[in-house]
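Work through the exercises below with the model open. Each task is followed by a solution in steps.

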Amino acid sequence: MSSNENIVIEVLKRLESVYRPKLEDYVALNLLKLNVSDFEFLVGVVLSQNTSDRNALRAFNALKKELGNSLSPESILNTPLEKLENAIKCSGLARRRVRALIALAKWFKENSELIERLRVLKSEEIRKLLMEVYGIGPKTVDVYILMKLGKPAFPIDTHIRRVLLRLGVVPKSSSYNYISTTIMSILNNDVTLLKELHVLLIEHGRRVCKARKPLCKQCVLIDLCQYGAKINSQ
Ligand code: SF4
C-alpha cells in the first residue's frame with residue numbers, strides 16, 4: 001500500500017470516530033431518506049450548487065409546494081418562469097437555476113426510455129449522458145451516481161478539495177477528475193466507503209479544516225497532514 005492509500009484509509013477511520021453527520025445538513029442524505037424520484041434528487045442537487053445545503057432544502061420544499069407537491073418534469077415545464085424563480089429564490093442564482101431545471105426537465109421528458117436503463121449503465125456512461133444537460137456538471141452527476149444510484153463515483157466539492165490538498169494526498173494543481181479517480185482507486189470503488197468519506201470530508205471541512213482559519217491544533221488529522229505539519233513546526 002502506498003503512503004497516500006494509508007493516509008486516506010486512516011483519515012476515514014479517524015473522521016468516522018469523531019463525526020455523526022446530521023441529515024438536515026446534507027441535501028443528498030435528506031432526499032435519500034425521503035425516497036424521492038431520480039428527477040427530484042437531481043433537482044435537489046442542482047439547487048444545492050453554490051449555496052448551503054440548508055438553503056437548498058428550503059428551496060426544494062418551496063418548489064415542491066409551489067408545484068402542488070408534484071415535482072416532475074411536466075410540472076416544471078408547465079409552470080411559468082417567474083413562479084419557479086420566486087419559489088427557489090432563497091437558494092440564490094434563481095434565474096440560472098431555473099434554466100438548469102428546465103433543461104433537466106426537458107431531458108427527462110425526452111429520454112424516458114433511457115432513464116429506465118440508467119441503473120444498468122456504468123458510471124462513466126451515465127456521466128457522459130447527463131453532463132450534456134445545461135447546468136449539470138461533474139459534481140452534480142457524481143452525487144447522483146454515488147448517492148442515488150449507489151454506483152462508484154467520488155464527488156468533489158470545495159471542502160473535499162481543500163482538505164485533500166492540505167493533507168497532501170493529491171498535488172495542488174490536481175483536476176477534479178484526478179482527485180476523484182485517485183480516491184476511487186484507493187477505496188477500490190467501494191460504494192459504502194466512498195459515500196462515508198464524501199460526507200465525512202465535507203463535515204471536516206465545515207467544522208475544522210475551514211477555508212480561512214483551519215483549526216489545526218484541534219484537528220484529529222494533524223499528524224497525517226502536510227499543512228498541519230507546517231503549523232505544528234511554527
Ligand atoms: S491539520 Fe489543519 S489543514 Fe490539516 S486537515 Fe487538519 S485542519 Fe485541515
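**Exercise 1.** Which residues does Y26 touch, not counting residues up to four places away in sequence? Then decide whether Y26 is buried or exposed.

*Solution.* The structure is a predicted model.
- Step 1: Locate Y26 in the loop between α1 (3-18) and α2 (27-33).
- Step 2: Leaving out residues up to four places away in sequence, Y26 touches P21, D53 and V199.
- Step 3: Count the C-beta atoms around Y26: 22 others lie within 10 Å. The cut-off for a buried residue is 20 or more, so Y26 is buried.
- Step 4: Y26 and L57 are 31 residues apart along the chain, and their C-alpha atoms are separated by 8.6 Å.

**Exercise 2.** Describe how α3 and α4 pack.

*Solution.* 
- Step 1: Two packed helices are described by the angle between their axes and the distance between the axes.
- Step 2: For α3 (residues 38-47) and α4 (residues 53-66), the angle is about 135° and the axes are 8 Å apart.
- Step 3: The two helices are therefore oblique to each other, and their crossing is right-handed.
- Step 4: V43, G44 and L47 of α3 make the contact with A56, A59 and F60 of α4. Five of these residues are nonpolar, one is polar and none is charged.

**Exercise 3.** Which helix gives the most to the shell around the ligand?

*Solution.* 
- Step 1: The ligand is surrounded by 14 residues, the closest being C209, C216, C219, C225 and G228.
- Step 2: At least two shell residues come from each of α11 (158-167) and α14 (226-233).
- Step 3: α11 gives the most, with three residues.
- Step 4: By class, the shell has twelve nonpolar residues, one polar and one charged.

Terms used:
Residues are numbered from 1 along each chain as its sequence is written. This is a predicted model: local features need pLDDT of at least 70, side-chain atom pairs count only at pLDDT 80 or more; totals for chains, interfaces and linings use all residues. A residue is near a molecule or strand if its C-beta atom, placed from the backbone, lies within 6 Å of it. Helices (H or I, at least four residues) and strands (E, at least two) are DSSP runs, numbered from the N terminus. Ala, Val, Leu, Ile, Met, Phe, Trp, Tyr, Cys and Pro count as nonpolar, Asp, Glu, Lys and Arg as charged, and the others, Gly among them, as polar. Axes are lines fitted to C-alpha atoms, for helices over the stretch in contact, and angles run from 0 to 180 degrees between N-to-C directions. Angles under 35 degrees count as roughly parallel, over 145 as roughly antiparallel, 65 to 115 as roughly perpendicular and the rest as oblique. A crossing is left-handed if the near helix is turned anticlockwise from the far one by less than a right angle, and right-handed if clockwise. Two residues are in contact if their C-beta atoms, placed from the backbone, lie within 7 Å. A residue is buried if 20 or more other C-beta atoms lie within 10 Å of its own, exposed if 12 or fewer, and partly exposed in between; C-beta atoms are placed from the backbone.
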